Amino acid sequence: MTPRTESAPVPAPAPSDAPRNELLQSVVDVARAIFGAAASSVLLLDEEADELVFRAVSGEGQEFLVGRRFPAGRGIAGWVATSGEPMVVDDLAATPSFDRSLAESTEYVPDSLMAAPLISDSRVLGVLEVLDASPQARSSVRELDLLAMFARQAAAALRVITPVPVAAGLPAAGRALEGAQREDALRLLGSLEQVLRGTG
């Protein structure tokens, strides 16, 4: 196992991030359950730093991956973020685009991977990954389409729930709006979960 290196302490999330974090955790928990996966993660694009950042993880790596960063152009997640196209790989060991050293640095090296971009308003917000899904889930184009649909809905919910910066004099209005957005976004995600489970 490769020892992990910490570049800098991960700052504690701001209170305003709580609804977004809850939404993202719901996304990865549901994706992992639907696809029978060992792990699932959401990586969001930090455009200023040109990096992908683990923002939510379910399963393997959950204890230490959140907050980890890597260059946006690296690995399969980087390819998905750059191309805006979903991807499924059944045998990562035989895939040149798989960055094994990057996977080893996270202390979990999967055998297979499904990934779909989080796209809203033609903009890539990040990537949803499902690692080591059940064989039947990753062997079908239909399943990749389902993951892509789930990622699109998650991106729409994320755009709804992400607070718009408010003027310093209007914190109460900002909080009230955020609460309404949170309910709308979680309801959106819940309805999609029902659809996906019903078609599984």
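How many cavities of 30 Å³ or more does the structure contain? In this predicted model, the count comes to 1 cavity at that threshold. The space in the largest cavity amounts to about 270 Å³. Its lining comprises 22 residues, and those closest to the centre are Phe54, Phe98, Ala103, Leu113 and Glu129. Two or more lining residues come from each of the strands β1 (39-46), β2 (51-59) and β6 (123-131) and from each of the helices α2 (75-83) and α3 (100-105). Sorted by class, the lining of the largest cavity consists of 15 nonpolar, 3 polar and 4 charged residues.

Helix packing was examined for α1 (residues 18-34) and α5 (residues 141-161), whose axes come within 10 Å and cross at roughly 170°. Angles over 145 degrees count as roughly antiparallel, and α1 and α5 are therefore roughly antiparallel to each other. On the α1 side, the contact involves Pro19, Arg20, Leu23, Leu24, Val27, Val30 and Ala31. Helix α5 contributes Phe150, Ala154, Ala157, Leu158 and Ile161. By class, this contact of α1 with α5 holds 11 nonpolar residues, 1 charged residue and no polar residues.

Across the whole structure, 4 salt bridges were found. One of them joins the side chains of Arg69 and Asp46, with an N to O distance of 2.9 Å. This pair connects distant parts of the chain, as Arg69 lies in strand β3 (residues 69-71) and Asp46 in strand β1, 23 residues apart. Strand β1 also belongs to the elements that give two or more residues to the lining of the largest cavity.

Notes. Residues numbered from 1 in each chain as written. Predicted model: local features only at pLDDT ≥ 70, side-chain atom pairs only at ≥ 80, totals over all residues. Heavy atoms only, no water. 1 Å grid on protein atoms, 1.4 Å probe; cavity = no way out; pocket = protein on both sides within 12 Å on 5 of 7 lines; lining within 4 Å. Points joined across faces, edges and corners; volume = space filled by probe spheres on them. Helix = DSSP H or I, 4+ residues; strand = E, 2+ residues; numbered from the N terminus. Nonpolar A, V, L, I, M, F, W, Y, C, P; charged D, E, K, R; others polar. Axes fitted to C-alpha atoms, helices over the stretch in contact; angles between N-to-C directions. Parallel < 35°, antiparallel > 145°, perpendicular 65-115°, else oblique. Contact = heavy atoms within 4.5 Å.
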